[in-house]
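Subject: Structure handover

Hi,

Here is the structure I promised to pass on. Have a look at it first, and then read my notes below.

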Amino acid sequence: MSDLQAFQEKTRSWLEENCPKSMRKPMRNEFDACWGGRDCEFSSEDQKLWLQRMGAKGWTAPEWPKEYGGGGLDKEQAKILKTELAKIKARPALLSFGVWMLGPALLKFGSEEQKKQFLPPIVRGEIRWCQGYSEPGAGSDLASLQTKCEDKGDHYLINGQKVWTSYADKSDWIFCLVRTNREAKKHLGISFILFDMASDGVSTKPITLISGKSPFCETFFDDVKVPKEQLVGTLDRGWDIAKYLLTHEREMIGGSSDGSMGGRSIGEVAVLALGANENGELADSALRSKIATAELDGWAFLLTMERSKDEAKAGHGIGAKSSMLKYYGTELNKRRFELLMASKGLSALEWEGEASNDGQLPRQWLRTKGNSIEGGTSEVQLNIISKRILGLPDPKAN
Amino acid sequence: MALVYTEEHEMLREAAKGFLQEKSPVTEFRSLRDNQDPLGFSRKLWQEMAEMGWAGILIEEQYGGLDFGFTGAALILEEMGRTLCASPFLSSSVIAATALRFGSEETKANWLSKIASGEAVIALALEEGVKHDPVATSMTAEKSGNGYRLNGSKSYVFDGMAADGFLVLARSSGEAGQADGLSLFMVDSKVSGLSSTATKLLDSRNYAALVFDNVEVSGGDLIGSVGAGLTMLEPALNAGRIGLAAEMLGCSDQCFESTTEYLKERKQFGQIIGSFQGLQHRSAHLYSELELVRSAVIKAGQDFEKNPEHSGMIASLAKAKSGEVGILAANEAVQMLGGIGMTDELDAGLYMKRIRAAQELLGDYAFHANRFAKWRGF
């Protein structure tokens, strides 16, 4: 038996023993998703147990080094773990910006002390992180951000405002872009800093979206004192980290949703809701052809994500390709949710009540509209592709 | 399997690119067209390709082939698409070579080594209407002694005017519209009762309309079992579809790259037009679509190589997507080039015509989207 096969068998039996039965069912609602954190309210004992077991094993961050609490798996092993988790339909033990975003940045740019201090609690889901990037005056033009960070000798002092901070009101710590140099060119005066959301002077205010939900906040910093060792990487060079993280974020958003409903294709959802003709084909032929197009594109897109990972592994990936994946993935997701809405007809409009799980579908549909805005709008991604991949000249400034 | 090419594949691609750009640049295609070459390709060049082993790339070594694998064949087609190189490669070396795997020992011995050496060209005689529709086949194959008698007609047979033999799908039982009852035959072009006339299409390649008038074939010419012709032919059709997808990817890439270069040179309103966001965003969108096509073509090639009998869905994805994006690439090229894009002097129009033909052959977007939807349960 090869090493990988042995690993697969060991993984399978560990999961069989350790993944609680109730964690092998699809999530019913947002409360079934576990984000961890200091004040985490687990929806069940099983959910807590599942996080603890996976966290202890390092499998919430399978590919991080063991010395920082990670699973220490190589790519092949991580793939096997993912497959085995999918086979038993296991819920993710932890959803975490710490795992998806801050961790990779710290592994690349952080000091040894920072890695030792911050990574293990991320793996165990003990600290929930949020990301402080956008500001009221710095959206697509992120590098024009103005949140001020002053050197006060033994500490930094932060003043300013962030917006679209995901789950700021529920997070324990923030990784934040701040301006440390007002004289330098805008990209060269930004630093990347970490601090506790319980610090004096931090306050948050949720923003209600068209979906009726409030996943984002406005976040205010009023004379927040931050220890100097919490600045990551080089002073004034935080933009490099920001760009690196944005690449990660783009890949994440681009590939986050496959637009599937409980594992069914859109076409199957439509057949169930609207009926089929005698050949088993969706009776509404105009809708059918639109869905076929979206599913062809969806499949080709999944292959493209897979290929881009394979290219990166083979050492000839292009960083700017993440812009293409982000652009295409989010636009595709919007199309797919439009079709899901059409497939469910009037029932897709139900906003409250048990039948619609309190309007789960229409709220998701509305949420997808933000995917092509956050993490850099579709238009910004097209600009990046034009410039960095196609080598087209900058638009002339007015 | 990783969705990247191996070093061996990259070497083949480089060799093919070098050869085609030297021996068969677009100017060669132009001169064949302008001289109204009846075949639309150069026999001499085809012989050179055969000598390099291309003609037998999918054929087993015992018949003189390279047995290199399907991905290699797709790469050659992609490079042929780039320079609009016309040749019987797709018909003979991809489609026929795949179908003849199911032939009798006698048929294989007769034809495979001739395909590999470039001595014989085989074309697929399939369509009877104006849309790709194998089950609609109504040409008849009646039992006659130990063999069969073929009656009916076939149209739009690509490479049909160059062919020394035809793969013919005919109905041995049942009626048009049924998948069962079709049988596949290997027919020598010199057989009595078979006549062909040329059909001129916009892509300046050779197409034939064939009439079968009491054509007698032997039992040994039957490929696979009687009545199961479509099952026998399906892998070959998928090979052809993926091959056309690869060719269209090459065509589209070339269109896109030369258009992008033009955007970096052409000035209007005192500015390089490539600096206009209106054009940038359309280019970036097309780039993204082309990346999707590339992924589908690579995956389809790999899957076909591994398991030719179960490659229908991925072949449909590759063919549908490459045709859709090919049309977009050609349209955007002409539009962004502006007035000169409409002239015969520029190559954009030549690519547009070839893409139009290639996306229609062996099933257009709607045909493959429909197949795909059925497989996906709707």
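B:Glu8 sits in helix H1 (residues 7-23) of chain B (helices are DSSP runs of H or I with at least four residues, strands runs of E with at least two, numbered from the N terminus). Its C-alpha atom is 9.0 Å from that of B:Gly72, 64 residues away along the chain.

Some housekeeping. This is a predicted model, in which local features need pLDDT of at least 70, side-chain atom pairs count only at pLDDT 80 or more, and totals for chains, interfaces and linings use all residues. Residues are numbered from 1 along each chain as its sequence is written, while chains are lettered from A and ligands numbered from 1 in the order in which they are written. Chain B has a mean pLDDT of 97, with 100% of its residues at 70 or more (pLDDT is the predictor's confidence in each residue, from 0 to 100). For the complex, the predictor gives an ipTM of 0.94 and a pTM of 0.89.

Now the interface. Chain B puts 35 residues in contact with 39 residues of chain A (contact is C-beta atoms, placed from the backbone, within 7 Å). On the chain B side, the elements giving two or more residues are helix H7 (229-263), strand S10 (271-272), H8, helix H9 (312-337) and helix H11 (365-375). H8(B) gives the most, with 14 residues. By class, this side has 17 nonpolar, 12 polar and six charged residues (Ala, Val, Leu, Ile, Met, Phe, Trp, Tyr, Cys and Pro count as nonpolar, Asp, Glu, Lys and Arg as charged, and the others, Gly among them, as polar).

One helix pair bridges the two chains: the axes of H8 (residues 285-313) of chain A and H8 (residues 277-306) of chain B come within 8 Å and cross at roughly 80° (axes are lines fitted to C-alpha atoms, for helices over the stretch in contact, with angles from 0 to 180 degrees between N-to-C directions). H8(A) is therefore roughly perpendicular to H8(B) (a label for 65 to 115 degrees). Among the residues making the contact are A:Phe301 and A:Arg307 of H8(A) and B:Leu292 and B:Lys299 of H8(B). The class count for this contact is six nonpolar, two polar and four charged residues.

The largest nonpolar core has 154 residues, and B:Ala99 and B:Phe185 have the most contacts inside it (a core is a set of buried Ala, Val, Leu, Ile, Met, Phe, Trp, Tyr and Cys residues joined through C-beta atoms within 7 Å). H7(B) gives the most to this core, with 16 residues. Beyond its neighbours within four places in sequence, B:Phe185 is in contact with residues including B:Tyr148, B:Val217 and B:Leu222. A second, separate core of 60 residues includes A:Cys149 and A:Trp239.

Finally, a backbone detail: B:Phe269 has a positive phi of about 55° although it is not a glycine. B:Phe269 lies in the loop between strand S9 (267-268) and S10 of chain B, and is exposed, with 8 other C-beta atoms within 10 Å.

Best wishes

Key:
Angles under 35 degrees count as roughly parallel, over 145 as roughly antiparallel, 65 to 115 as roughly perpendicular and the rest as oblique. Two residues are in contact if their C-beta atoms, placed from the backbone, lie within 7 Å. A residue is buried if 20 or more other C-beta atoms lie within 10 Å of its own, exposed if 12 or fewer, and partly exposed in between; C-beta atoms are placed from the backbone.
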